[in-house]
Amino acid sequence: MVSTRKIAQFVAAYFVITMCWAYPWHMVLFHDLYAAIGALQRTEPLMAYGMSAVVLQGAVIGYLFPYYLAGRPSTIRLGVQFNLLAGLLTYSVIAFANVAKFNIEPVAVFLLYQTTFQLVHYVLSGIAMGLIFKSRRIQ
């Protein structure tokens with residue numbers, strides 16, 4: 001059975017991890033690079049939409065993870081493994097679809113930075129997932 005409490009805990013952790021990682025990465029550390037290569041289209045991002053996307057991603061990933069476990073105990077390794085797999089979906093939209101739709105040049109630079117960002121993001125949130133869904137059974 002999928003625990004609503006654990007999903008809510010994961011959504012909260014996913015949101016905090018994403019905001020603490022994504023905002024500095026995109027808006028502080030590499031803002032000028034992203035602007036120079038055409039990856040930023042707005043001078044001011046619409047934060048409510050971005051935050052809504054993060055909550056939705058966290059809810060879907062958190063809901064699906066127990067099914068991925070298929071009776072196995074939750075571990076950090078499985079949390080990271082599942083998040084990297086789920087992350088491929090968002091990565092395909094953020095990286096490849098954006099390159100296809102927007103005039104981002106050089107493409108290789110954008111893909112390198114987005115790949116690095118996504119790997120770290122999904123490893124961190126995968127660690128949280130493994131810990132949150134860990135069974136507290138008495139042996």
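Trainee: Let's pick a residue, then. Where does Arg77 lie?

Mentor: Arg77 lies in helix α4. Helices here (H or I, at least four residues) and strands (E, at least two) are DSSP runs, numbered from the N terminus. Before we go on, this is a predicted model: local features need pLDDT of at least 70, side-chain atom pairs count only at pLDDT 80 or more, and totals for chains, interfaces and linings use all residues. Residues are numbered from 1 along each chain as its sequence is written, and side-chain values use heavy atoms, with hydrogens and water left out.

Trainee: Got it. Is Arg77 buried or exposed?

Mentor: Arg77 counts as exposed, because its relative accessibility is 57%. Buried means under 20% relative accessible area, exposed means over 50%, and partly exposed is in between (1.4 Å probe, protein chains only).

Trainee: And what separates Arg77 from Phe15?

Mentor: Their C-alpha atoms are separated by 20 Å, and Arg77 and Phe15 are 62 residues apart along the chain.

Trainee: Let's zoom out. How many helices and strands does the protein have?

Mentor: Five helices and zero strands. Reading from the N terminus, the order of elements is α-α-α-α-α. The C-alpha trace spans about 55 × 25 × 25 Å along its principal axes.

Trainee: What part of the protein is buried?

Mentor: Of the 139 residues, 35% are buried.

Trainee: OK, at what angle do α1 and α3 pack?

Mentor: Helix α1 (residues 4-29) and helix α3 (residues 47-69) pack at about 135 degrees, and their axes are 8 Å apart. So α1 and α3 are oblique to each other. For the wording, angles under 35 degrees count as roughly parallel, over 145 as roughly antiparallel, 65 to 115 as roughly perpendicular and the rest as oblique.

Trainee: What about α3 and α4, at what angle do they pack?

Mentor: For α3 and α4 the angle is about 130 degrees, with the axes 10 Å apart. That makes α3 oblique to α4.

Trainee: And α4 with α5?

Mentor: Those two pack at an angle of about 150 degrees, with axes 7 Å apart. That makes α4 roughly antiparallel to α5.

Trainee: Is the crossing of α4 and α5 left-handed or right-handed?

Mentor: The crossing of α4 and α5 is right-handed. The α1 and α3 crossing is right-handed, and the crossing of α3 and α4 is right-handed too. A crossing is left-handed if the near helix is turned anticlockwise from the far one by less than a right angle, and right-handed if clockwise.

Trainee: New topic, the loops. Is the peptide bond from Glu105 to Pro106 cis or trans?

Mentor: The bond from Glu105 to Pro106 is cis, with omega near 0 degrees. Pro106 lies in the loop between α4 and α5.

Trainee: What is phi of Ala70 near?

Mentor: Phi of Ala70 is near 45 degrees, a positive value in a residue other than glycine. As background, most residues other than glycine have a negative phi, and most peptide bonds are trans. Ala70 sits in the loop between α3 and α4, and Ala70 counts as exposed because its relative accessibility is 62%.

Trainee: Back to α1. Is Cys20 buried or exposed?

Mentor: Cys20, which is found in helix α1, counts as exposed at 56% relative accessibility. The C-alpha atoms of Cys20 and His121 are separated by 9.9 Å, with the two residues 101 apart along the chain.

Trainee: And is His26 buried or exposed?

Mentor: His26 is in helix α1 as well, and at 17% relative accessibility His26 counts as buried. Between the C-alpha atoms of His26 and Pro73, 47 residues apart along the chain, the separation is 35 Å.

Trainee: Last one. Where is Leu131?

Mentor: Leu131 is in helix α5 and is partly exposed, with a relative accessible area of 44%.

Note on methods
Axes fitted to C-alpha atoms, helices over the stretch in contact; angles between N-to-C directions.
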